[in-house]
Amino acid sequence: MDFIDLAAQQQRIRDRLDAAIAAVLDHGRYINGPEVQRFEDLLAAHVGATAVVGVSSGTDALVIAAMIRGVGPGDAVYVPTFTFAATAEAVALLGATPVFVDVDADTANISADSLRAAVEATPGDLRPVGVIPVDMFGLPADIDAVDRVASDHGLWVIADAAQSMGAALGGRPVGTLAAMTTTSFFPAKPLGCYGDGGAIFCMTEEDAVIARSLRVHGSGAHKYDTARIGLNGRLDTLQAAILIEKLAILDDEIIARQRIAGRYSQGLADVVTVPVVPEKETSAWAQYTVRLPRRDAVAAHLREAGVPTAVYYPAPLHRQSAYAGFPTPVPLTRAEALCGEVLSLPMHPYLSEADQDQVIEAVRSALDPT
Ligand SMILES: *Cc1c(COP(=O)(O)O)cnc(C)c1O
């Protein structure tokens, strides 16, 4: 059993992938080939965004989005402490200060109450400018609650949707929930390519124009004009060609993930804390993550039973050496508790019912060996 089985997906669309890759090899436009814009247009239409700008990774998507908002030294940008390092890294790379915020215990997403408290308790030498909510494990953050705090305090919002392509909140697809949304096409994400890739979803054409400039060294209107300092942050043509084929099956795969998550929850809700999906939200189920006591012992038992698991995340960012020096104006106790209790179970759209049952049985017997 695989934790994430990319081979099963590849088998399903192998012929179309082979043809798409061969088409790129034939035309030879490895950089800025026609597949890049075709994919961007398809993805923008898929979610209903004004524009999608393909970039080199989810991390570069965050960096470029933050550059568009002018992030720099003296700025405080609020990020959940329970997330992958890239969320805070993009802020710190630009010389700004990530300020850590606690998450809700139920959803593992940023707590709007903790955000408000963190803004109000920010050290006086920092200027609160923005917030980056993260859609943890595929579940959209409570964007309306975040927006209320953001508008009260004049913050911009960049949604980090690296884990949630294909999810929605109140019928609004991820990619349209904030003025700018970033995502990752790292192979294991719900929409993944065969290398590194990412995208920025823009709700205004102005932001998209600057994003397209920043990803090519800040290029200006003319070939030899450089309008701003940018980076080399393009999405490869080959990855775009692969993503076109993977986007075509994304919705179908999300339905399969939802079915698996439902079966897991039915089989496990009486023995562990299963993931909560608030009313009106759908998750992309990047991970199916339960909470339980004696997590490490259960994980060891599962490994022996042939069930692979993962811990996202064993430590909150504010406890990691690179980020320990940044401000923590509010208690981060819920994130700290989660880090000791979370366990992600095998999740991918091609997980058989037999494998799902084996996972459920293994978890139950790990908790009650009698
Ligand atoms: C994966 C991930 C990223 C970074 O994406 P890369 O494509 O690996 O650079 C950023 N934020 C979150 C929450 C992620 O899970």
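**Phe39 and the cores.** I began with Phe39 in this predicted model and listed its contacts, leaving aside its neighbours within four places in sequence: Phe39 touches Phe185, Leu191, Leu235, Ala240, Leu243, Ile244 and Leu247. I then looked up the largest nonpolar core, which holds 81 residues, and noted that Phe39, Tyr78 and Leu191 are the members that touch the most others. Helix 3 supplies the largest share of this core, namely seven residues. Apart from this core I found another one, of 23 residues, and I wrote down Tyr264, Val272, Val274 and Val359 as being among them.

Next I turned to the strands and traced an open sheet of seven strands, whose order reads 1-9-8-5-4-2-3 and whose pairing is mixed. At its edges I found strand 1 (51–55) and strand 3 (97–101), each of which pairs on one side only. From one strand to the next, the twist averages 30°. I checked which helix packs on this sheet and noted helix 3 (residues 58–68), which touches strand 1, strand 5 (156–160), strand 8 and strand 9, and whose direction makes about 160° with that of strand 8.

For one pair I went down to the bridges: strand 8 (residues 180–184) and strand 9 (residues 198–202) run antiparallel, and five bridges join them. Within this pair, Ser184 of strand 8 stands opposite Gly198 in strand 9.

**Backbone exceptions.** I located Tyr313 in the loop between helix 10 (295–304) and helix 11 (333–341).

I also recorded His217, which is not a glycine and yet has a positive phi of about 60°. His217 sits in the loop between helix 7 (205–214) and helix 8 (237–247). Is His217 buried, partly exposed or exposed? I classed His217 as partly exposed, because its relative accessibility is 43%, and the class in question lies between the 20% and 50% limits.

Trp285, likewise not a glycine, has a positive phi of about 50°. I found Trp285 in the loop between strand 10 (281–282) and strand 11 (288–291). Its relative accessibility is 10%, so I counted Trp285 as buried, the limit for that class being under 20%.

**The whole chain.** Finally I stepped back to the protein chain, for which I counted twelve helices and twelve strands. Along its principal axes, the C-alpha trace spans about 70 × 60 × 35 Å.

Of the 370 residues, 54% count as buried.

Technical notes. Residues numbered from 1 in each chain as written. Predicted model: local features only at pLDDT ≥ 70, side-chain atom pairs only at ≥ 80, totals over all residues. Heavy atoms only, no water. Pairing = 2+ DSSP bridges. Helix = DSSP H or I, 4+ residues; strand = E, 2+ residues; numbered from the N terminus. Axes fitted to C-alpha atoms, helices over the stretch in contact; angles between N-to-C directions. Contact = heavy atoms within 4.5 Å. Core = buried A, V, L, I, M, F, W, Y, C linked by side-chain atoms within 4.5 Å. Buried < 20%, exposed > 50% of the residue type's maximum accessible area, 1.4 Å probe, protein only.
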